[in-house]
Amino acid sequence: MAKRLYIVPKIGTGTGDDAFRPKYFANLDGVAWSAMDYGLEPHFLVASELTTDQHNALVANADVIAVPANLDAQVGTNRDAVVDALETLNVPAGWVTTTMTYRKILKIVAAIMLFAQRLHGHGGIRIFGSGITLATKFNQLPAATRTKLIGAAQSMNFDTSSLSGTSTIRQILKEMADQWGVKDIKLGGIAL
Amino acid sequence: MSTDDFNRSNADPIGGNWTTPSGASTFRIVSNSFHTTSSGSDPWIAYWNADTFDADQYSQFGVLPAIDKGGPAVRIGTSTLNGYMYTLRQTNLTRLYKRISGSYTQIAAYTDTATTTSVFKISAVGSTLTVYIGGSQVGQETDTALEDGVVGAMSSTSAANWDNWEGGNVEGAAAGQPTIKRWGGIPGMAINRGVW
């Protein structure tokens, strides 16, 4: 099979012997994979070339999302299912339209994940701490979180001037992702 | 470019052009190669202190007995103990990790045909991490957690034993950070903004 993308849960405790890693893949001996974490959120976007049997076994798990092999197909009638799947993972997805390709959608999703990574690396925090949802407004966040969120955005040369106290996490993450620009996001040889 | 062949008297800790950040365990020189100390605990970190480095940088080692949980590292935080590290061969697998706030995240697993004399290299250019074995690219990933730091070595285990380090800036690297693109700058973005 060709290399495909999957979204799977995070496992591990983060120690050297039990690093955070994508569920299922670490148990596939001899299989190469590349993973993009969603900062401290509990999921990975993974690129891997599996055998048909390995793929079938993987997608039989209820907590695995398999992205269609053809990333350039439009999402079409799967739009609502895609939105539901992403929002369940705290990835805002209301912007998905039926005419978008999976590649375009995944680039925005990946950019959201990359912003979460910077928030982790720069501020040492996760987005969705206790009680925080996609609907939480910026002015409802703890002051320290607000400062770190702005700091993470500015460290990526993102413009934060449009954010206001009533901006929701949903809006903030999408706006930060849109500022990624035209540069490819590469994962395991797949360019988004 | 900075280099160290470690061909000098045993030293524990290594000292000289290498610094162990506060809170990390030390490396040492044993029999003209670079070792973790046998005592201590995760993480073992040493960075090259004789030069300054741009954010776009690389680090590489020649390998002696290979281990899974340590190797050349880039964007090492001198106070945070963060960094990206390319770990060495284990049953034909190499691995890319990041260490953030005391926790390790595995970014990738690569199949390879590395030998114990291969040169393992990791580079960070903007948000692009690239790893090489023997000069050939093994993998390339996007990660934004760490934006800058220094170069050297990192390990989560005391079994490290490497040689012939080299590190430096990635010359001529294109800016890796995304450029600012406001709503009006990308076709379709103005339409999408109203979907909320």
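Start by selecting A:Phe44, which counts as buried with 26 C-beta neighbours inside 10 Å. Here "buried" means that 20 or more other C-beta atoms lie within 10 Å of a residue's own, "exposed" means 12 or fewer, and "partly exposed" is what falls in between, with C-beta atoms placed from the backbone.

Before you go on, a word about what is on your screen. This is a predicted model, in which local features need pLDDT of at least 70 and side-chain atom pairs count only at pLDDT 80 or more, while totals for chains, interfaces and linings use all residues. Residues are numbered from 1 along each chain as its sequence is written, and chains are lettered from A and ligands numbered from 1 in the order in which they are written.

**Stop 1: around A:Phe44**

A:Phe44 sits in strand S4 (residues 43–48) of chain A. Helices (H or I, at least four residues) and strands (E, at least two) are DSSP runs, numbered from the N terminus.

Two residues are in contact if their C-beta atoms, placed from the backbone, lie within 7 Å. Next, draw a C-alpha to C-alpha distance from A:Phe44 to A:Ala110: they are 66 residues apart in sequence and 9.9 Å apart in space.

**Stop 2: the partners of S1(A)**

Select strand S1 (residues 4–11) of chain A, which runs antiparallel to S4(A) and is joined to it by 6 bridges. Two strands pair if DSSP finds at least two bridges between them. Look for A:Pro9, which stands opposite A:His43 in S4(A).

**Stop 3: helix H4(A)**

Move to residues 143–155 of chain A. This is helix H4, with 13 residues, and it reaches 18 Å from its first C-alpha to its last, close to the 18 Å expected at 1.5 Å a residue. The expected span is 1.5 Å times one less than the number of residues in the helix.

Which residues of H4(A) are buried? Colour A:Leu149, A:Ala152 and A:Ala153. Then look down the axis of H4(A): these buried residues fall within an arc of 95 degrees, so they line one face of the helix. The arc is that of the directions from the helix axis to the C-beta atoms. Turn to the other side of H4(A) and you'll find A:Ala143, A:Ala144, A:Thr147 and A:Gln154 exposed.

What do the buried residues of H4(A) pack against? Show helix H3 (102–123) and helix H5 (169–178) of chain A to see their packing partners. Just after H4(A), stop at A:Asn157, which takes a positive phi of about 65 degrees.

**Stop 4: all of chain A**

Zoom out. Chain A has 5 helices and 7 strands, and from the N terminus on its elements run β-β-β-β-α-β-α-α-α-α-β-β. Its C-alpha atoms fill a box of roughly 50 × 45 × 30 Å along the principal axes. Buried residues make up 43% of the 192 residues in chain A.

**Stop 5: where chain A meets chain B**

Show both chains: 36 residues of chain A are in contact with 40 residues of chain B. On the chain A side, strand S3 (33–37), H3, H5 and strand S6 (186–187) each supply at least two residues.

Pick out A:Ser34, which stands opposite B:Ala108.

**Stop 6: two hairpins in chain B**

Finish with strand S11 (residues 119–125) and strand S12 (residues 128–133) of chain B, which run antiparallel and are joined by 6 bridges. B:Ser123 has B:Thr130 as its bridge partner in S12(B). This hairpin has 2 residues between the strands, and B:Gly126 takes a positive phi near 60 degrees.

Carry on from S12(B) to strand S13 (residues 136–142) of chain B, an antiparallel pairing over 6 bridges. Here B:Ile133 is partnered by B:Ser136. S12(B) and S13(B) form a hairpin with 2 residues between them, and B:Gly134 in the turn has a positive phi of about 60 degrees.
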